[in-house]
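Subject: Structure handover

Hello,

Here is the structure I promised to pass on. Please open it first, then read my notes below.

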Amino acid sequence: MKQRKKVAFALIAGLLLSPVAAQPAAAETTVATQNVKADATYEMYKQYEDIVKKYAYAQTLDYPWNYMLDNDLQIIRMTNADGKNLHYALIDMANDGFPELFIAKVNSAYGGNGYTLYDMYGIENGKVKRLIKDIRGDFRSIYSVMNNGVIRVDGHESAQGGVIGFYSVGTNSGSAVQKQYVAYDFWNGEKYYEGTNDYDIRWRISASEFNRIQAQYQYNNNFPWYPIDNRAPIDQKLAQHKEIAVVVDGRTLALDQAPVVQNNRTLVPLREIFEALGADVQWLAADRTILSTKNGVSVTLQIDSNIMWVDGRRVQLDVPAQIIAGRTMVPVRAISEALGADVTWSATQKTVTIQSNS
C-alpha cells in the first residue's frame, strides 16, 4: 500500500442537578440510601447545565462563530448556518450511571437518527471532560450515536474516499476508545480496508466484509432530544440528586458530611444537630452510647440500636444511630422532636426545617 499524506483531523464542532414511637412521622423522602455529597452526579449535571446554557446563548448570536465562543464561553465555534436549531441529549453510553451529554443539530440529511453531533461530554473522576476530542475527524465528518454505547464517525480522505470509525465510551465515561475502523477508496478503484486511523495500519477486506462490519452497529433512535433552550430535563436531574439541606431556626447547617437517607428517614452528623438545637452531648466510647440533655430532657441512644430513651421512656426508631464513613449519624426527626423541636420536610426543596422552640 503506498504512503499517503494523512488528513489532519479538525472537528467542525458545534457550539454549542418525631419521636418515632406509636405514630410514625411522614417519610422524609423515598430516595434510596445514599450520600449525595459524595456522589459526583449532582456536580456533573450542574456542569452539563452550564454547557447547555452557553450553547443556548450562543444560538441567539448573529455570528456564533466569533472568537468569544472560544475565549469567553469556552465552547467550540461553528458556522452561522449550523448554529440554529440545536438540541441536546443525555445518554448513558457505558451504563455506568453517568450519562454523556450530546449537542447536535437536527439534520435529517445526515446521520442515521436525524441528528449531526457537534459536541460530546462525559465525566471522569468527578469532572466533566470533552469526549469529542477523542474521536475528532475532518471538517466534513458526521457523528452519530449507535446502539450498545458506540459512536460512529463518518470522515473523508479524498474526493472519493472515506473512513468510518466506531468508538465506545468506557465506564467512568471520560474517554472514547476506537473499537473498529474501516475505510473505502473509490479514487483508485473500488477498495475497502480495515485497521486504524493510522493510514499505515490497514489491510484490504472485501466489500461484503466492509458491509458486515457496518451492519454490526445500528443507529440508536430510542432516546429523546431536547431543544437547547429547554433545560427542564437537566433541572429535574438536579432536583433528584440535590443534597438534602437541614435548616435550624432559619439557619442552614454547614454539615461536614451530607445527610444520608435510609428507610425513608434522614440521618445527620451527631454533633452538628445536637449543638444546633442547643443541647449538651456526650459520647461514651466504651459502649458506643450518645447522651444528650436540654432543658432537663435527657436523650440516650446506642449505635445500631433501634431503641431511644427519652427521660426514661422507650421510643422505637425506624432507623438507628449508626457510624457511616467514620462519622456518627443520628435520625434528625427523632432527635429533634425528642428535644421539643418542630420538624417539617419539603420534598420539592429536599429540605428538613427545624424550629427549636427554645
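Two strands pair if DSSP finds at least two bridges between them. Helices (H or I, at least four residues) and strands (E, at least two) are DSSP runs, numbered from the N terminus. This is a predicted model: local features need pLDDT of at least 70, side-chain atom pairs need 80 or more, and totals for chains, interfaces and linings use all residues. Residues are numbered from 1 along each chain as its sequence is written, and side-chain values use heavy atoms, without hydrogens or water.

**The sheet**

Four strands form an open sheet, in the order β13-β12-β24-β23. The pairing is mixed. β13 (251-252) and β23 (342-346) are the edge strands, each pairing on one side only. β12 (residues 245-248) pairs with β13 in the antiparallel sense, over 2 bridges. V247 has T252 of β13 as its bridge partner.

**The helix pair**

Helices α1 (residues 41-59) and α4 (residues 232-241) cross at roughly 160 degrees, and their axes come within 9 Å. Axes are lines fitted to C-alpha atoms, for helices over the stretch in contact; angles run from 0 to 180 degrees between N-to-C directions. That crossing makes α1 roughly antiparallel to α4 (angles over 145 degrees; under 35 is roughly parallel, 65 to 115 roughly perpendicular, the rest oblique). Residues in the contact (heavy atoms within 4.5 Å) include Y45 and Y48 of α1 and L238 of α4.

**Inside α1**

Y45 and Y48 are 3 residues apart in α1, about one turn of the helix.

Best wishes
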